[in-house]
Amino acid sequence: MSILSHISPTTTLENIATQLGCSVLCEKLALHLDDEDELKHLKQCFHIPKKKDLPTKKSLVNEEDNCIYLCGNSLGLLPKNVKPYIDEELDKWAKMGVHGHFIGKRPWALADECIVDLMAKIVGAKKGEVALMNGLTVNLHLQMLSFYKPTKARHKILLEVKAFPSDHYAVESQIQFHGLDVETSMLLACPRKGEETLRTEDILSIIESEGDSIAVILFSGVQYYTGQLFDIPKITEAGHRKGCFVGFDLAHAVGNVELHLHDWEVDFACWCSYKYLNSGAGGLAGAFIHEKHSFTIKPSLVGWWGHEFKSRFSMENELKLSQGVDGFRLSNPPILLVCSLHASLEVFDQTSMKALRKKSILLTGYLEYLIKHYYSENTAEPEKPYAKIITPSHFEDRGCQLSMTFSLPMKAVYKELEKRGIVCDMREPSGLRIAPVPLYNSFHDVFKFIENLGEALASAKKTVETH
């Protein structure tokens, strides 16, 4: 997926370090990169947790310092405008009650439509192709009910073998809902033996060989565990050549990488908004259906919010369905969740996904460079703890997240990082996920994380040896 210059982040880092007369390993480089960062002001739009407020024992830190938050892949930080926006709506409710449905900058009856254009920009879609509604899995089920219409000849759903559990369960239940056997109708794409990630050519090969029996291809945009960015346009094109519908769960891709859902002609997609979109736990989710399906794909389940707006409140019980994805809406939007998402989308609107992605590639490339330099397996020092990055090494094949495994037990390393005020994320069976987010993470955050990782590995090694 060629979206930027092919110059690797390593080359960029080395060139800048040479100009500064220092090494890539030097703190001077991190400070310089932060000084030159055109997006550094965006960090001021978020609340950064203090180390003293984290729930774990932190005997090794200055508790008044901000934590090093590298967990935006699990839950994004709180935008500062969330609270005042929610307070605005609570104040409106207190003062005017029901009249708030059609008054103010976020009329409750139109609140989702007030911000859908901001969301459409981030996913590369037209406004009429995006809806903000429900949670991710609810949206996935609603879309699958319309796109998955199995026949005797074409009944399979293709997905990655270690899809996020919610997607896996949704696919299983959709197959069972149609009275089919999961063993024969669920087709899983597996990495090659000894590899952690899927090769694009292997995915395309499965589509080519099995495509005539595949009804729906459902992949994640960015794989939650490995951090692999799938080649969305190639998978979509291959699926369409074989007559398949192609959809994506973009939970780990939206707000993380550039997306062009309309131009790529993706059939459908859904996403949550509380990771890179920073809308808060359980935030309002999104759904996309390409405009080419506006007159052919209809919702299997309908609610009154799918009725066209101009006659929705006539209450005549004669459905006049909105075209496209708007017809899939079931209920009125939850205004407090709209407020949270609105506050975050306004931050995104101060920049572009292209600018964020440019910074992200360099930021994650810097993290990768330092990990490989300091913590790669070293045959000359076999007793030294080491880390292995399982995320693809090429920047076009990943988002901002790097997933690692360690020569030491993961939980021991994780606990030592917690003691040092590092917020990251571990996932079974053995992965530690580190996600420097370009909206609010700095190059110096990465530099300090690397220092703390060395201390954590040394302490974890001692703990393991004494037990």
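Where in the chain is Phe-102 found? Phe-102 sits in the loop between helix 3 (82-96) and helix 4 (111-123). This is a predicted model, in which local features need pLDDT of at least 70, side-chain atom pairs count only at pLDDT 80 or more, and totals for chains, interfaces and linings use all residues. Residues are numbered from 1 along each chain as its sequence is written, and side-chain values use heavy atoms, with hydrogens and water left out.

**The whole chain**

- The chain has 14 helices and 15 strands. Helices (H or I, at least four residues) and strands (E, at least two) are DSSP runs, numbered from the N terminus.
- The radius of gyration is 23 Å, close to the 23 Å that the globule rule gives for 467 residues, so the chain is as compact as a globular protein of that length. The radius is taken over C-alpha atoms, and the rule is 2.2 Å times the number of residues to the power 0.38.
- Along the principal axes, the C-alpha atoms fill a box of roughly 75 × 60 × 45 Å.
- Of the 467 residues, 54% count as buried. Buried means under 20% relative accessible area, exposed means over 50%, and partly exposed lies in between (1.4 Å probe, protein chains only).
- Take the contacts in the chain with a separation of 6 or more: residues 24 or more positions apart account for 70% of them. Contact means heavy atoms within 4.5 Å.

**Helix 1 and its partners**

- Helix 1 (residues 9-20) packs against helix 2 (residues 27-36) at an angle of about 105°, with the axes 10 Å apart. Axes are lines fitted to C-alpha atoms, for helices over the stretch in contact, and angles run from 0 to 180 degrees between N-to-C directions.
- That angle makes helix 1 roughly perpendicular to helix 2. Angles under 35 degrees count as roughly parallel, over 145 as roughly antiparallel, 65 to 115 as roughly perpendicular and the rest as oblique.
- Helix 1 brings Leu-13, Ile-16, Ala-17 and Leu-20 to this contact, while helix 2 brings Lys-28, Leu-29, His-32 and Leu-33.
- By class, the residues of the contact of helix 1 with helix 2 are 6 nonpolar, 1 polar and 1 charged. Ala, Val, Leu, Ile, Met, Phe, Trp, Tyr, Cys and Pro count as nonpolar, Asp, Glu, Lys and Arg as charged, and the others, Gly among them, as polar.
- Helix 1 also meets helix 12 (residues 353-375): their axes come within 9 Å and cross at roughly 85°. Helix 1 is therefore roughly perpendicular to helix 12.
- Here Pro-9, Thr-10, Thr-12, Leu-13 and Glu-14 of helix 1 meet Ile-361, Leu-362, Gly-365, Tyr-366 and Tyr-369 of helix 12. The contact of helix 1 with helix 12 has 6 nonpolar, 3 polar and 1 charged residues.

**Two buried residues**

- Leu-159 lies in strand 5 (residues 156-160). Leu-159 is buried, with a relative accessible area of 0%.
- Beyond four places in sequence, Leu-159 is in contact with His-168, Val-171, Met-186, Leu-187, Leu-188, Ala-189, Leu-218 and Phe-219.
- Val-216 is 57 residues from Leu-159 along the chain, and their C-alpha atoms are separated by 8.9 Å.
- Arg-329 lies in the loop between strand 10 and helix 11. Arg-329 is buried too, at 4% relative accessible area.

**Backbone details in loops**

- A cis peptide bond joins Glu-428 and Pro-429, with omega about 10°. Pro-429 lies in the loop between strand 14 (425-427) and strand 15 (431-434).
- Asn-278 is not a glycine, yet has a positive phi of about 60°. This residue lies in the loop between strand 9 (268-271) and strand 10 (286-289). At 2% relative accessibility, Asn-278 counts as buried.
- Met-315 is not a glycine either, and has a positive phi of about 60°. Met-315 is in the loop between strand 10 and helix 11 (335-348). At 57% relative accessibility, Met-315 counts as exposed.

**Back to Phe-102**

- Leaving aside neighbours within four places in sequence, Phe-102 is in contact with Pro-107, Ala-109, Phe-309 and Phe-313.
- Phe-102 and His-240 are 138 residues apart in sequence and 43 Å apart in space, C-alpha to C-alpha.
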